[in-house]
Protein chains: 2
Amino acid sequence: MAYRRTDTVSARLADNRRGILNAARELVAQGGFGAAQMTDVARRAGVATGTLYRYFPSKEELCRQVFREVSAREMNVLAGIAAEDRPALDRLRDVLTTFASRAVSGRRLAYALLAEPVDDGLTEERTRFRRVHGEIFAGLLDDAVAEGTIAPLNTKIAAACISGAIPTALIGPLAPQSHELDDGGPKVVDEIVHFCLAAIHGGGTGHKTKAKAEQRVSA
Amino acid sequence: MAYRRTDTVSARLADNRRGILNAARELVAQGGFGAAQMTDVARRAGVATGTLYRYFPSKEELCRQVFREVSAREMNVLAGIAAEDRPALDRLRDVLTTFASRAVSGRRLAYALLAEPVDDGLTEERTRFRRVHGEIFAGLLDDAVAEGTIAPLNTKIAAACISGAIPTALIGPLAPQSHELDDGGPKVVDEIVHFCLAAIHGGGTGHKTKAKAEQRVSA
DNA sequence: GACAAAAGTGAACTGATATTCATTTGAAAA
DNA sequence: TTTTCAAATGAATATCAGTTCACTTTTGTC
């Protein structure tokens, strides 16, 4: 009879796969996807380079898998809060606060997920990730409008603004110095969330004195 | 007597340099810095690959130069408006509107400047670029606070939020479909600017019922 | 026109990584 | 125990863009 894969082996294979994914995830969390070189992943996972390719067809696929796992966790946390049975604005505040706090405490990972230079395959995953954020935020805003808690507004655009404001204020050149966030930066997080919520309340579609700035576009 | 560079030659050299920079800029505006490969730049500029290196020591330097030229123009436009002699909030609205409108009409270039994956040298330039944005916005907010037009707030954080909100809402996965912006997207621009200004008015440092969400960080 | 120096050329080189594959190791069937 | 095939190995290879440099062409001086 031909060779037949036994349970012991299946288990070891699964272990290896997990080990590789974990090694990759750890490297990504340390230095981003770029820093997770196949040789390093293999060493950290305790296997040979070639072995990686028995589990994943390419670096891109490995990284995608890592991205999916990590981002799924983040999305679930936020989606969980968004689905609670409470007033929309309360949920929104908590979602934003959680988003920001987690980004701070996992800054390097947040950078990898949201901002790091990556190639096409990962960009696709990132797009999904960011779209989900947008949908969660927009959904809560829709709820709040439906509840009558806030004035109607273009919730998609507002959600996009929020999605950009929070990471930018926490990661990258405009963020506070990293050491200022070492305690989780609750103060900063609160300020940012406050900014976003204030924008939501700021008064529906009403446009005040129309600016004439849009003519200055060419130059 | 030794060789002496003549005016004709100097002029041709300057022309070549400009030609190379222009070719590079055009390629960047089409496909970002990554797409501007040295071979392509050379072809487009009508010179040989090696010639590029008689004008610029490396691709990095060439790209930096392009980045500086392009970003300087943008920063000057905004700084000019910011320096006008008008109420701070008027200037702020015009600055934001201009920033957003220009980002829309030069979407691909804006992407290269603000969001495209680039390597270290360019990241440095980008950091400067974004810091200047932050300073311009924060300065206007400071002015508005000084004028008493808005309640005191952490202007640096607010500026960072604005710097993130506008590009995110206009470029990338959360932006409206590109064709929706083909007319310059004045409607969308207005909504985004409105969002930011509303946040500014939204009420100083006042923190409402403190969220308990910050405990959800680990998981 | 002859010589020297600069400018221009583009094929070959380099370095950094991802990927392959001939070979070895280890586990299952006979 | 022997046979057989999956799994693992890691040195060798492939790739890809940036960079170099031996050579050609153009320009300036005498």
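**Figure 1. Overview of chain A in a predicted model.** From the N terminus on, the elements of chain A run α-α-α-α-α-α-α-α-α, that is, 9 helices and 0 strands, where helices (H or I, at least four residues) and strands (E, at least two) are DSSP runs numbered from the N terminus. Of the 219 residues in chain A, 48% are buried, a term that stands for under 20% relative accessible area, with exposed meaning over 50% and partly exposed in between (1.4 Å probe, protein chains only). Contacts, defined by heavy atoms within 4.5 Å, join residues at least 24 apart in 65% of the cases in chain A, counted among pairs at least 6 apart in sequence. The chain exposes about 10600 Å², of which carbon and sulfur atoms supply 50%; accessible areas come from the Shrake-Rupley method with a 1.4 Å probe, and for residues only the protein chains shown count as cover. This is a predicted model, in which local features need pLDDT of at least 70 and side-chain atom pairs count only at pLDDT 80 or more, while totals for chains, interfaces and linings use all residues. Residues are numbered from 1 along each chain as its sequence is written, chains are lettered from A and ligands numbered from 1 in the order in which they are written, and side-chain values use heavy atoms, with hydrogens and water left out.

**Figure 2. Helices α4(B) and α5(B) in contact.** The axes of α4 (residues 59-82) and α5 (residues 88-105) of chain B come within 8 Å and cross at roughly 160 degrees, the axes being lines fitted to C-alpha atoms, for helices over the stretch in contact, with angles that run from 0 to 180 degrees between N-to-C directions. The two helices are therefore roughly antiparallel to each other (under 35 degrees counts as roughly parallel, over 145 as roughly antiparallel, 65 to 115 as roughly perpendicular and the rest as oblique). On the α4(B) side, Arg73(B), Glu74(B), Val77(B), Leu78(B), Ile81(B) and Ala82(B) meet Arg91(B), Asp94(B), Val95(B), Thr98(B), Phe99(B) and Arg102(B) of α5(B). The residues of this contact divide into 6 nonpolar, 1 polar and 5 charged, where Ala, Val, Leu, Ile, Met, Phe, Trp, Tyr, Cys and Pro count as nonpolar, Asp, Glu, Lys and Arg as charged, and the others, Gly among them, as polar.

Figure 3. The axes of α7 (residues 120-147) of chain B and α8(B) come within 8 Å and cross at roughly 125 degrees, which makes α7(B) oblique to α8(B). The residues of their contact divide into 7 nonpolar, 5 polar and 2 charged. Ser163(B), which lies in α8 of chain B, is buried, with a relative accessible area of 1%. Not counting residues up to four places away in sequence, Ser163(B) touches Thr168(A) and Leu174(A) as well as Arg130(B), His133(B), Gly134(B) and Phe137(B).

Figure 4. Phe195(B) lies in helix α9 of chain B and is buried, with a relative accessible area of 4%. Leaving aside its neighbours within four places in sequence, Phe195(B) is in contact with Ala158(A), Cys161(A), Ile162(A), Cys196(A), Ala199(A) and Ile200(A). Ala175(B) is found in the loop between α8 (155-170) and α9 (186-201) of chain B, and at 16% relative accessibility it counts as buried. With neighbours within four places in sequence again left aside, Ala175(B) is in contact with Thr168(B), Ala169(B) and Leu170(B).
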